[in-house]
Amino acid sequence: MGGIILRAEPESTFADVPTPAAVSSAWKAALTPSDTTPGFIDLHLHVLPGLDDGARDLDASVAMLRGLEALGYRRLVSTPHADDRKHTFGRDRIETVATELRDAARAAGVGLEIDFGAEYAYGPRFHADLEARCLITLARSRYVLLELPEAFMPATMPSVLFEVGTSGYYPILAHPERCTPFHDDLQKLETLAAGRALIQVSMRSLAGTFGRTIKRTAWALVEGGLADLVATDCHHPNELKKIVGPVLDELKERLPRRRLDQLMSTTPADLLASG
Ligand SMILES: [Fe+2]
């Protein structure tokens, strides 16, 4: 995460860069709700075998696929970590493993559509790929998954998100509920993201994996309307029964059906269809 370097920067005021109007209107167009529910689409999980701290081997991957299909998912965009330390592999390696998983899924009779992207840690690798215009986006769309620093929000963050937008990409913030500066002040996140990024909440946060404060923040984002997406961020087959299934049941109880569909079906579908 590059925490030492980031802590040397002044803290963000969350509003010091204006929203680019072009990006803002493009998002609105992309998010026009569809009328049909296409089944759940997961835009953040670690199902590709052996690449990161997710599925260890093909058996674990296929077990995850079977479980997600049984819960109502029909399309996945697997997002292995991308950073400067442990996860330095590039698009070609991810694509090769995704093809192996697609073949294994087909052989196992799993009907899920499997795409890939990456979950970028905020740091030098992200900046280098942005500058070189070679960010690994979600299923070759313009949307890129970005994990923000958790303990401290650099003052440059609004400018960085602005730059991502004006470079032709659209950032999706992965589980911002885990970022301490947003706890007890969701307005900061709303101000930072407005017109610059989409907000994706993780089921692991909703389940309480990271403690009560993050759980409360995650539910506030989902129920208060700020969240644009809910993703599983699933790493292991045992999370299906422990996390994804129970959280899905709770979401169905606590949210109107249309809101659930927006978060898990129609918005992801619209994003991927928008190119
Ligand atoms: Fe993740």
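Two strands are said to pair if DSSP finds at least two bridges between them, strands being DSSP runs of E of at least two residues and helices runs of H or I of at least four, numbered from the N terminus. In the present structure, Tyr-143 has Tyr-170 of strand 7 as its bridge partner. Strand 6 (residues 143–147) and strand 7 run in the parallel sense, with five bridges between them.

The model is a predicted one, in which local features need pLDDT of at least 70 and side-chain atom pairs count only at pLDDT 80 or more, while totals for chains, interfaces and linings use all residues. Residues are numbered from 1 along each chain as its sequence is written.

Strand 7 (residues 170–174) is largely enclosed by the rest of the structure, because five of its five residues are buried, that is, have 20 or more other C-beta atoms, placed from the backbone, within 10 Å of their own. Tyr-170, Ile-172 and Ala-174 point one way, and Pro-171 and Leu-173 the other. In a regular strand, side chains alternate between the two faces of the sheet.

Helix 3 (residues 58–70) and helix 4 (residues 91–107) have axes that come within 10 Å and cross at roughly 60 degrees; these axes are lines fitted to C-alpha atoms over the stretch in contact, with angles from 0 to 180 degrees between N-to-C directions. Leu-58, Ser-61, Val-62 and Leu-65 of helix 3 meet Leu-101, Ala-104 and Ala-105 of helix 4, contact requiring C-beta atoms, placed from the backbone, within 7 Å.

The mean pLDDT, the predictor's confidence in each residue from 0 to 100, is 89 for the protein, and 86% of residues reach 70 or more. Over residues 1–8, pLDDT is below 50.

Notes
Two residues are in contact if their C-beta atoms, placed from the backbone, lie within 7 Å. A residue is buried if 20 or more other C-beta atoms lie within 10 Å of its own, exposed if 12 or fewer, and partly exposed in between; C-beta atoms are placed from the backbone.
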